[in-house]
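Dear colleague,

I am handing over the structure we spoke about, placed directly below. Please keep it open while reading the notes that come after it.

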Amino acid sequence: MNAMLNDPTPGWTADVPEPLGTPDAAAIAEAAAAPARLKIERETHKLEKRLCREVGKAIVDYQMIEEGDKVMVCMSGGKDSYALLDILLKLKARAPIHFDLVAVNLDQKQPGFPEHVLPEYLASQGVPFHIENEDTYSIVKRLIPEGKTTCSLCSRLRRGILYRVANELGCTKIALGHHRDDILQTLLLNMFFGGKLKSMPPKLVSDDGKHVVIRPLAYVAEKDTARWAAHRNFPIIPCNLCGSQENLQRKQVGEMLREWDRKFPGRVENMFNALQNVVPSHLLDGTLHDFKGLKATGIASEDGDKAFDREDFPAAPGLPGVQVVQLS
């Protein structure tokens, strides 16, 4: 049994230690003169603790990283992949197991791509890294008519290249920077436009069956990765260099989730919790539950449907004029 299963929590989810030492007179005077700065520092420290705790919990809950793993962290140059690498480096220093990290960026030769930014940043952090150069931009532009979205083909090409690079580097896990909001957006997009109850899993086997893909930011809110990126002053690379239009459906769903988060605190968290509390017998998918074979057994069951019970939900503030009617 690996070390992570023997002792799953210490190091992964422990809080970041508070700074050591007793402040001297000069430090106290400075503190008294700069309450705003101290408040910012306290909030930043709380943010760091939360990020480390949530990433660590996701790793433990889904056994994402194991003893001896070599994790390929896919770096796009966006805030989320920077935050992912940064937090994994912090956890690596205190995790109860040994694992290695290597940052990988795919330079797709988009016009204007600042190819020096990521290598310079990663070298300054002392992180092992690999830059893969593949001109997928020209392929996509040749195959996709002008004005059509290029994201689907681009992502397929990128995925295949990254799988190959993972093999070449001997990586056992591939880490992506998708966070909680990405997962919920995907759930709603599939419901609204795809007719499926489907989202992004925190851990999956790749299309070719040869790799395990993980999403350690699965429990992290996007607003926290944005705040962390601003605090750490990551050299962000724009995501629109290819000239492709942003997925407007995803953008609209993202704005809806952010509005809910502002107006109805806790709603987004409840939606995410629902993904971890699925009751197949109370959905309609016959492949997940044997509805056809159901028969009365005469034996009481705690899991049985309370068919005539009233559903008790917490009050939903901010919904004037909405009345829930119990049908008898």
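This is a predicted model: local features need pLDDT of at least 70, side-chain atom pairs count only at pLDDT 80 or more; totals for chains, interfaces and linings use all residues.

Residues are numbered from 1 along each chain as its sequence is written, and side-chain values use heavy atoms, with hydrogens and water left out.

Strands and crossovers

Helices (H or I, at least four residues) and strands (E, at least two) are DSSP runs, numbered from the N terminus. Strand E1, residues 70-74, is mostly covered, with four of its five residues buried, where buried means under 20% relative accessible area, exposed means over 50%, and partly exposed lies in between (1.4 Å probe, protein chains only). Two strands are taken to pair if DSSP finds at least two bridges between them. E1 runs parallel to strand E2 (residues 100-107), and five bridges join the two; Val71 has Leu101 as its bridge partner in E2. Between E1 and E2 the chain passes through helix H4 (residues 79-92), in a β-α-β crossover that is right-handed, a term which applies if, with the strands pointing away from the viewer, the path from the first strand over the helix to the second runs clockwise. E1 is also joined by three bridges to strand E4 (residues 173-175), again in parallel, and there Val73 is partnered by Ala175.

Seven of the eight residues of E2 are buried, so this strand is largely enclosed by the rest of the structure. Five bridges link E2 to E3, and these two strands run parallel, with Asp107 standing opposite Asn133 in E3. Together, E2, H5 and E3 form a right-handed β-α-β unit.

Helix H5

In helix H5 (residues 117-125) the buried residues are Val117, Leu118, Tyr121 and Leu122. Seen down the axis of H5, these buried residues fall within an arc of 110 degrees (taken from the directions from the helix axis to the C-beta atoms), so they line one face of the helix. The face turned away from that buried side carries the exposed residues Glu120, Ala123 and Ser124.

Loop residues

Gln63, in the loop between helix H3 (35-61) and E1, has a phi near 45 degrees, a positive value in a residue other than glycine, and Gln63 is partly exposed at a relative accessible area of 21%. Lys109, in the loop between E2 and H5, has a positive phi of about 60 degrees although it is not a glycine, and its relative accessible area of 34% makes Lys109 partly exposed. Pro128, in the loop between H5 and strand E3 (129-133), lies 6.3 Å from Ala103, C-alpha to C-alpha, although 25 residues separate them in sequence.

The second largest pocket

On a 1 Å grid over the protein atoms alone, a pocket is an open set of points where a 1.4 Å probe fits, with protein on both sides within 12 Å along at least five of seven lines, and lining residues have an atom within 4 Å of a point. The second largest pocket holds about 690 Å³ of space, the volume being that filled by probe spheres set on the points, which are joined across faces, edges and corners. Of its 26 lining residues, the closest to the centre are Leu187, Leu197, Ala274, Leu275 and Val278. Helix H8 (180-194) and helix H11 (267-274) each supply at least two residues of the lining, and H11 gives the most, with three.

Kind regards
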